[in-house]
Amino acid sequence: MASSSAAPSTPIILVPKENLKTYRLPSYSELFNTNLNALGREAKALFTFHPSEWISAFRPNPKFPLFVLGDIDGFVALFMNNLATLLAVILGLRLVFEDDIIYGKIVPGVSISMLWGNLYYVYMARKLAYKENRGDICTMPYGINTPGAFAFIFSIILPTYFGCINGSSGRDRRTCEELAWYVALASNFTTGIILLLLCIFGEFIRRNTPGVALLSSISGIGFTYLALNEYLPVAASPIVSFLPFAIVMLGYFSGVKFGPIPVAFVALVVGTILGWATQLNHANEVKAAANVVQPYPLVFPIQAMFSHINEITPYLSTTIPTAISIAIGTIQCVESAKRAGDFYPTREAMFADGIGTLIASLFGSILGMTTFIGHPAFKKMGAKQAYSIANGLAFLPLCFFGINALLLSIIAIVSVNPIIIFIGLVICADTLAITPKRHYPAFLLGLMPIVADWAKGTIISGVADAYTKFVVNHTEFNPNITANINGFSYRGLLNFSGGSLLQCIFLTAIFMYMIDRKFLRAAIWSVLASIFAFFGLINAPGVGILIKKDDDGWKFTVAYVMLAVFFCCFHFAQKQRWVKQPETEPDDLSSFEWAEWNRERLLEENNINEENV
């Protein structure tokens, strides 16, 4: 049975008095020298071989058993999350591709990349368990990069296909389908290459970005995509979904046990029984799904993919942000795992995601692969390593025989949603647990770009899809509908959702440093934001050098530079003692620095009380 715990509270770190020293804010020269020395150590480690550490993953470790009961809950959650994502992707691909391309060429490649990532992250977990002599390590979950998958469908595959079919070249539908597939494969391959290049700087980014800022966007994904988005089907089918929802929340948050049976399994069985009893599930859907079941061989479209690599230039506005979002997401997941007590190497995790994406593209899959958010939730379930191995192995028969659609037609999917909602809520709760109250406004502001991105990607794109099906001649949705929206600023929505993962980090970091009156740091982050905005990586719907009159990128660049100058003026005033000095409390309640600061504060309060007696 998975372990359960109540919602987390502010952590208390007990540190021996002799290990503590008077806390003070480090100077900027000290910060620079610290980072420079750390980069030197990382470069040395990068070119140093550690064969004994590699081999340790394969040594017996009685403290870290291969299977525990919590792995069942973890497997159900990870497997169903990936399976539901894959089904949603398949439904999106059906707008363009026929079944033989989807099930015969794309889906089998997903299983190979899935197996790679699941096994490699188990390898990383076993190395960590042996190195630290611990048995409570949880393997980081791994699977399909959901936002990137839909970005590829709506921003690369659909435009390529309709540009081909409506063009003057006279190419038939099948040729256009294969062209869209090849271009998407080339884009996915490019994404993997960018990921491998970014992994060099991963640890540097993690170390120099405030923890709350890093976790703000991952919390935004947890709150929006995992909690809010997954609650919509629950609200649509309350008779089927409310009991599974209560079972999951009681089991994981309240500590209620259902004997030796895992919580996720109980919720799944109850929901499926109710689904068939209320006719939410239909026999004709099972029959239709059964027709897809047959053997599908693995394909190797390497030559065709490279022959179309030159055609991805118009779609770099999707490829580059997707690669950056995966990289940032991996860094955030490593940070989240660190907060849960598992210190995984950032660079190695990014390497695993990059190789997984390359493997996917080489074997026909257009889906980027990444570590999943929610490691703390899987750890709360009691999962360790078998759940990841089982997930990788389970996708082999599903993808090579087309069984995934059949399985999803039998199970009541809304009974799985509460498990995903639980993961999203835990992510947000864990971030709040390490966030000082003064930074709550910054944290909440950091969630908003993800919400805007969800509104644009889910609601607007859903309406656009319905519009495309309704209008026979494929009249473009944007100039006909969105240009005439008056109820809210659609342009503002596009800008606020552009590069949402990166934008969350910038907004949260700038606002945190404003609250703490650390004006020079706020100015530095504002300058960085101005550069990213100029190239459309944030605050814009597309990537490029945004200097045209109608572009908003240069306007955001000017605005961020104005902020930087404004903060520099305050920094000067602060040096002259005209403005209140910076906040001394560290911004991470789980850090040893905060423990030192809190000890000094308590001692000072105690001395004041003794003087008043």
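The protein chain averages a pLDDT of 81, and 84% of the residues score at least 70; pLDDT is the predictor's confidence in each residue, from 0 to 100. This is a predicted model, so to speak on its own terms: local features need pLDDT of at least 70, side-chain atom pairs count only at pLDDT 80 or more, and totals for chains, interfaces and linings use all residues. Residues are numbered from 1 along each chain as its sequence is written, and side-chain values use heavy atoms, with hydrogens and water left out.

**Overall picture**

- The protein chain has 25 helices and two strands; both are DSSP runs numbered from the N terminus, with helices being H or I over at least four residues and strands being E over at least two.
- Of the 613 residues in the protein chain, 52% count as buried. Buried here is under 20% relative accessible area, exposed is over 50%, and partly exposed is in between, using a 1.4 Å probe and protein chains only.
- Take the contacts in the protein chain between residues at least 6 apart in sequence: 84% of them join residues at least 24 apart. A contact is heavy atoms within 4.5 Å.
- Over residues 1-23, pLDDT stays under 50, and the model has 57 contacts beyond four places in sequence for that stretch. Where pLDDT is low, the predicted coordinates should not be read in detail.

**The disulfide and other cysteines**

- The count comes to one disulfide, taking a disulfide as a pair of cysteine sulfur atoms within 2.5 Å.
- That disulfide joins Cys164 to Cys176, with 2.0 Å from S to S. Cys164 sits in helix α5 (residues 146-165) and Cys176 in helix α6 (residues 173-198), twelve residues apart.
- The link of Cys164 and Cys176 is left-handed, with -70° about the S-S bond.
- Both Cys164 and Cys176 are buried.
- Two further cysteines are buried as well: Cys199 has 9% relative accessibility, and Cys333 has a relative accessible area of 3%.

**Helices α8 and α9**

- Two packed helices are described by the angle between their axes and the distance between the axes.
- Helix α8 (residues 211-236) packs against helix α9 (residues 238-253) at an angle of about 125°, and their axes are 6 Å apart. Axes are lines fitted to C-alpha atoms, for helices over the stretch in contact, and angles run from 0 to 180 degrees between N-to-C directions.
- That makes α8 and α9 oblique to each other. Under 35 degrees would be roughly parallel, over 145 roughly antiparallel, 65 to 115 roughly perpendicular, and the rest is oblique.
- On the α8 side, the contact is made by Tyr231, Val234, Ala235 and Ala236; on the α9 side, by Pro238, Ser241, Phe242 and Phe245.
- The buried residues of α9 are Val240, Ser241, Pro244, Ile247, Val248, Met249, Gly251 and Tyr252.
- What covers those buried α9 residues includes α3 (70-93), α8, α10 (263-277), α15 (375-381) and α18 (417-433).
- Just after α9, Gly255 takes a positive phi of about 80°.

- Gln503 is in helix α22 (residues 500-515) and is buried, with a relative accessible area of 1%.
- Not counting residues up to four places away in sequence, Gln503 touches Pro449, Asn495, Phe496, Ser497, Gly498, Ile538 and Asn539.
- Ala509 also lies in helix α22, and its relative accessible area of 0% makes Ala509 buried.
- Ala509 and Pro210 are 299 residues apart in sequence, yet 6.7 Å apart in space, C-alpha to C-alpha.
- Leaving out residues up to four places away in sequence, Ala509 touches Pro210, Ala213 and Trp525.

**Glu348 in α14**

- Glu348 is found in helix α14 (residues 346-362) and is buried, at a relative accessible area of 14%.
- The Glu348 side chain makes a polar contact with the side chain of Lys127 at 3.0 Å. A polar contact is a pair of N or O atoms within 3.5 Å; within protein, one must be able to donate a hydrogen and the other to accept it, and residues adjacent in sequence count only if both atoms are side-chain atoms.
- Beyond residues up to four places away in sequence, Glu348 touches Tyr120, Tyr123, Met124 and Lys127.

**Phe570 in α24**

- Phe570 is in helix α24 (residues 553-575) and is partly exposed, with a relative accessible area of 30%.
- Phe570 and Leu520 are 50 residues apart in sequence and 8.5 Å apart in space, C-alpha to C-alpha.
- Neighbours within four places in sequence aside, Phe570 is in contact with Phe519 and Val579.
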